[in-house]
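Good morning. I have one structure to show, and I will keep it brief.

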Amino acid sequence: MQDEERYMTLNVQSKKRTSTQTAQLTFKDYSVVLHWYKILLGISGTLNGILALALISLILLDSS
C-alpha cells in the first residue's frame, strides 16, 4: 500500500514537470511561429497593395 502511494506521488510530480517543460517548449515555438506569421502577413499585405494599385490603374486606363 505504501509503495502504491509513493508511486502515485512520484507519478503526479513527474507529470507536472513534463507539462511545465512542454509549456516552455511550446511558448518558444509559438514565438517563432508568431515571428514568421508577422513576416508572411507583411508580404501578403504588400502583394495585395500592389495588386490593388494595378487594378485601379487598369480601370483608369480603360475608362480614358
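I will go through the fold, then the surface, then one residue.

This is a predicted model, where local features need pLDDT of at least 70, side-chain atom pairs count only at pLDDT 80 or more, and totals for chains, interfaces and linings use all residues. Residues are numbered from 1 along each chain as its sequence is written, and side-chain values use heavy atoms, with hydrogens and water left out.

The protein has one helix and zero strands. Helices (H or I, at least four residues) and strands (E, at least two) are DSSP runs, numbered from the N terminus.

How much of the protein is buried? Of its 64 residues, 0% are buried. Buried means under 20% relative accessible area, exposed over 50%, and partly exposed in between, with a 1.4 Å probe and protein chains only.

Now the residue. W36 sits in helix α1, residues 2-63. Is W36 buried or exposed? W36 is exposed, because its relative accessible area is 52%.
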